[in-house]
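Open the model in your viewer and keep the selection tool ready. We will go stop by stop.

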Amino acid sequence: MGPLPLHLLPSTGTVAPDGRLTIGGCDVLQLAERYGTPLFVYDEEHLRARCREAVAAWGDGVAYASKAFLCKAMAALVHDSGMCIDVSTGGELAVCLAAGVPPERLVLHGNNKSLAELTEAVEAGVGRIVVDSFDEIDRLSALAVAGMSARVMVRVTPGVEAHTHEYVMTGQEDTKFGFSIASGAAARAVDQLRRLPEMEVVGIHAHIGSQIFVLASFRKAIEALADFFTPLGLPELCLGGGLGVPYVTGEAAPTIIEWAAAAREACAAAGIPSDTRLTAEPGRAIAAAAAVTLYRVGTVKDLPGIRSYVAVDGGMSDNPRPVLYGSGYEAFLPRSTTADRPRQVRVVGKHCESGDLIVPDACVPADLVVGDILCTPVTGAYGHSMASNYNKVPRPAVLFVAGGHARVVVRRETYDDLLRLDA
Ligand code: LLP
């Protein structure tokens, strides 16, 4: 009901005396006019600050999980800011290589890497391959026979259920990811890989889930990993990603620094050797709060006694998270950023289904009208990266803003783009 909590804005977000929002020194309403809507606006300084915080917290080797948001400019920014990059497909690998990221700074993930993807990664010389299955070990053996070598880590499931949405929970036994410690599969995987001299086993990897607010979940994972990890005498332990971020009023999350400190303490308490290279792979915690999405309101439908629908020019094609996970977002008008929001409406997109929700129960200013620019903050992670062309809606442009300048890092799709692959 109250105004937007300003801490949900990217770090250079400021409100001018007339209530208008600027990010990176750029007036966002002007950005919407100039570049069109829907539009993703990323605060470069915010991204760089989060990357630097991650390196300060975890040390060299901490990787940005590029599935959260990736384009060449993002890969270059992350690399310049000192982080490695986690790629989970040949496609993400190709984008990072095209951006000029040195292959040794890349970590390849995936529960079903193809022989082609493994070959591309090994030939490029990626820094780490995180092995996920016995079938993958067979494929790596074939590469070893062909004389190729790599550094590998073994992804294990610690058997821990993190406090988060079922679809993004991955540490439990019933999962498609990694090797179970409890069943002995993880030990067998390490053993098999150690028998391949071309594959140097450098560490263990675990990722328990995403959007986790409770540091105790990570502590539990470390306790569960310690007895398996320590006797192996391996130099590296990667705890994956998963640190949550606040999306709506009332939510709070630990910082990256607090996350790393809790992990270090838990490792020490669990007897994990202090010279272990402890790393992580944050995605959301780097990218989510760095961006906002700008939409234009096109239709307001008041259904007396039921509710009001505010339809914007995007929807589930640029942000599928509300539909997939029931995720919550705030909405506000960047022409009066600090205005009270007494009006309850349902913000929906332009797609042909009722499930196309952006903010099911949004609070907006009383004077919202057709033509307004409506903004949803904290849309920098898993928005653009999970965007689709449903209903043949062209995907939005992405801007990086800093120092009063905006640059298009991903251009808006055109109808020609939609036809590009048709025979
Ligand atoms: N490392 C691995 C091996 C992962 O699978 C993931 C995320 C991460 C790191 C990064 O997690 P983060 O720090 O971003 O939580 N689409 C969902 C999230 C899926 C996360 C998948 N794996 C969402 O929109 O909430």
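What volume does the second largest pocket have? About 350 Å³. This is a predicted model, where local features need pLDDT of at least 70, side-chain atom pairs count only at pLDDT 80 or more, and totals for chains, interfaces and linings use all residues. Residues are numbered from 1 along each chain as its sequence is written, and side-chain values use heavy atoms, leaving out hydrogens and water.

**The pocket.** Now select helix α2, residues 44-58 (helices are DSSP runs, H or I, of at least four residues). Helix α2 supplies the largest share of the lining, 3 residues.

**The core.** Select W58, M74, I129, L193, I204 and L374. They have the most contacts inside the largest nonpolar core, which has 129 residues. Such a core is a set of buried Ala, Val, Leu, Ile, Met, Phe, Trp, Tyr and Cys residues joined through side-chain atoms within 4.5 Å; buried means under 20% relative accessible area (1.4 Å probe, protein chains only). A second, separate core has 7 residues, including A63, C84, V107 and C238.

Select β1 (14-15) and β3 (26-27), the edge strands. The open sheet runs β1-β2-β3, with antiparallel pairing; strands are DSSP runs (E) of at least two residues, and two strands pair if DSSP finds at least two bridges between them. Finish at I23, which stands opposite C26 in β3.

Notes. Buried < 20%, exposed > 50% of the residue type's maximum accessible area, 1.4 Å probe, protein only. 1 Å grid on protein atoms, 1.4 Å probe; cavity = no way out; pocket = protein on both sides within 12 Å on 5 of 7 lines; lining within 4 Å. Points joined across faces, edges and corners; volume = space filled by probe spheres on them.
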